[in-house]
Amino acid sequence: MSPVLPTDLSTGSLAVRTQGLAKRFGRETALDGVNLQVPEGAVYVLVGPNGAGKSTTFKVLMDLVRTDEGTAEVFGLDPRVRGPEVRAQIGYVPERHDWGYGWMRVGRLLQHHATFYPTWDAEYAARLAEVFGLKMDRKFGSLSKGQGRRVHLTMALAHRPRLLVLDEPTDGLDPVMLDETLGLLMDHITETPTTVVISTHQVHDVDRLADHVGVMRDGKLMMQVPRDELHRKLRRYRAEVPDGWAGPAALNGAVLRKGSFGREIQWSIWGEEREVVQQLTSAGATVRDAAPLTLADAAIALLSRRERA
Amino acid sequence: MQLAINTADPRPIYVQIMDEVRRAIVLGTLRPEDPLPSVRQLASDLRVNPNTVAQAYRELERAGVAYVRRGQGTFVAAAGTNGTERRALAAGVAERALVEAHRNGVSAEELIDAIRDAARSRDPHTLAEQP
């Protein structure tokens, strides 16, 4: 039995919905049946190692990549057909900032960007630029990773889009700037009703923001779930067990990660706590502790789980 | 008001916010009719999702600890400052101590005895160790 990790968030209205996205680059499978569902108003954090397919998924939403199979919808619009309309509603921070305009000065780039967005809020852009310490006369191409990221964040936020798609937005930010950025982002979503999708491999950075979590590996979305449910259902159990204990068969597949120290096991298990404790107990274990995991630890438990045949 | 939130704490963040407000009420640093920070302010200060702050405030309201004045914000309720909050806070601390004791294979009785012993060796007001 495999634990059925939840993947359906489609109970309310969705800002983003993809169905069966599949994409191959040569012999590499980048996406393999991705059904991304981002509820409207959510702060959805997409977690996964490099090469899991997070950036490719985001590019599909922007119509920067076209898939071999599957469909995508952003606020009900197909990016392939209604690209400009879709992009007008998205504030996008790409993973890499070397996508051109390297010769342009930052101030000029912001002006240039503003002309594409009727909703551009110049006053807000100026405020963001000040907090981010943007140097307007520097050439965009000469900026460090963190500086480039701040320019992109300014461009993404200042037109107050309905959807923010942030690909590794905290990458390259120093701790103080990271803290400032998270504060700005929280200000932003309280002021402006926004749906946010963030990809990251620095899960700790965004732990406090996430209210929905998706976990991606090898082009597959293994799980997507409200944060509360993840907090409630994925727990690390510590229990004393007899010598040579194998664990209850009913939990096969629900155990995501196993560790032990002497005769104490430390297993990360998916399920309702009461049921899991009952199963461990009736199999002869003395449960000492059932602790929820931080988002970072949960990601490790889910991602390090070995595929079973 | 400065709240302390810790993502490594097993309590969900909205519960931590509720507990911090309760703590401030019990300590007297928040009194009846004092305003709580706006959702926006607190979300921004703590760098947490505003929905999480709103959830904590809703739960505090439901528990009678706080109330909403239309268009003005959330305020500490008079009912929140009687003995109930003190007991609720003490119950929470006890609960966490019990879980910690159980994890270490210590029974409830052993824990209670140990707390008495520890309390005797410390100054009753500051809980500092006595020489």
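**Figure 1. Helices α1(B) and α4(B) pack at an angle of about 125°.** Their axes lie 9 Å apart. This is a predicted model. α1(B) passes α4(B) in a left-handed crossing. From α1(B), the contact uses B:Asp19, B:Arg22, B:Arg23, B:Ile25 and B:Val26. From α4(B), it uses B:Glu85, B:Arg86, B:Ala88, B:Leu89 and B:Gly92. Sorted by class, these are four nonpolar, one polar and five charged residues.

**Figure 2. Helix α1(B) also meets helix α3(B).** Two values describe such a pair: the angle between the axes and the distance between them. Here the axes come within 8 Å and cross at roughly 50°. α1(B) and α3(B) are therefore oblique to each other. Which hand does the crossing of α1(B) and α3(B) have? It is right-handed. On α1(B), find B:Ile13, B:Tyr14, B:Ile17, B:Met18 and B:Val21. On α3(B), find B:Thr52, B:Val53, B:Gln55, B:Ala56, B:Glu59 and B:Leu60. This contact has eight nonpolar, two polar and one charged residues.

**Figure 3. Chain B is divided into two parts, domain 1 (13–81) and domain 2 (90–129).** The centres of these domains, taken over C-alpha atoms, are separated by 28 Å. How many helices and strands does chain B have? There are five helices and two strands. Start at the N terminus and follow the elements: α-α-α-β-β-α-α. Along the principal axes, the C-alpha atoms of chain B fill a box of roughly 50 × 30 × 25 Å.

**Figure 4. Chain B touches chain A.** Chain B brings 16 residues to the contact, and chain A brings 20. On the chain B side, the elements that give two or more residues are α2 (39–46), α3 (50–62) and α4 (83–103). Which element gives the most to this side? It is α2(B), with four residues. By class, the chain B side divides into eight nonpolar, five polar and three charged residues.

**Figure 5. Six strands of chain A form an open sheet.** Read across the sheet, the order is β6-β7-β8-β4-β9-β10. The pairing is mixed. Which strands stand at the edges? They are β6 (90–93) and β10 (220–226) of chain A. Each has a single partner strand, so one side of each is left without a neighbour in the sheet. Neighbouring strands are turned by 15° against each other on average, direction ignored. Helix α5 (residues 145–157) of chain A packs on this sheet and touches β6 and β7 (163–167). The direction of α5 makes about 175° with that of β6(A).

Figure 6. Look for A:Val47: its bridge partner in β9(A) is A:Val215. β9(A) and β10(A) form a hairpin with two residues between them. In the turn, A:Asp218 has a positive phi of about 50°.

**Figure 7. An open sheet of four strands in chain A has antiparallel pairing.** The order is β12-β13-β11-β14. The edge strands are β12 (255–261) and β14 (286–292), and each pairs on one side only. From one strand to the next, the twist averages 20°. Strands β11 (residues 234–240) and β13 (residues 264–270) of chain A run antiparallel and are joined by seven bridges. One place to look is A:Arg235, which stands opposite A:Ile269 in β13(A). Helix α8 (residues 273–282) of chain A packs on the sheet. Which strands does helix α8 touch? It touches β11, β13 and β14 of chain A. The direction of α8 makes about 155° with that of β14(A).

Note on methods
Residues numbered from 1 in each chain as written. Chains lettered and ligands numbered in written order. Predicted model: local features only at pLDDT ≥ 70, side-chain atom pairs only at ≥ 80, totals over all residues. Contact = placed C-beta atoms within 7 Å. Nonpolar A, V, L, I, M, F, W, Y, C, P; charged D, E, K, R; others polar. Axes fitted to C-alpha atoms, helices over the stretch in contact; angles between N-to-C directions. Parallel < 35°, antiparallel > 145°, perpendicular 65-115°, else oblique. Left-handed = near helix turned anticlockwise from the far one by under 90°. Pairing = 2+ DSSP bridges. Domains from an automatic or database assignment.
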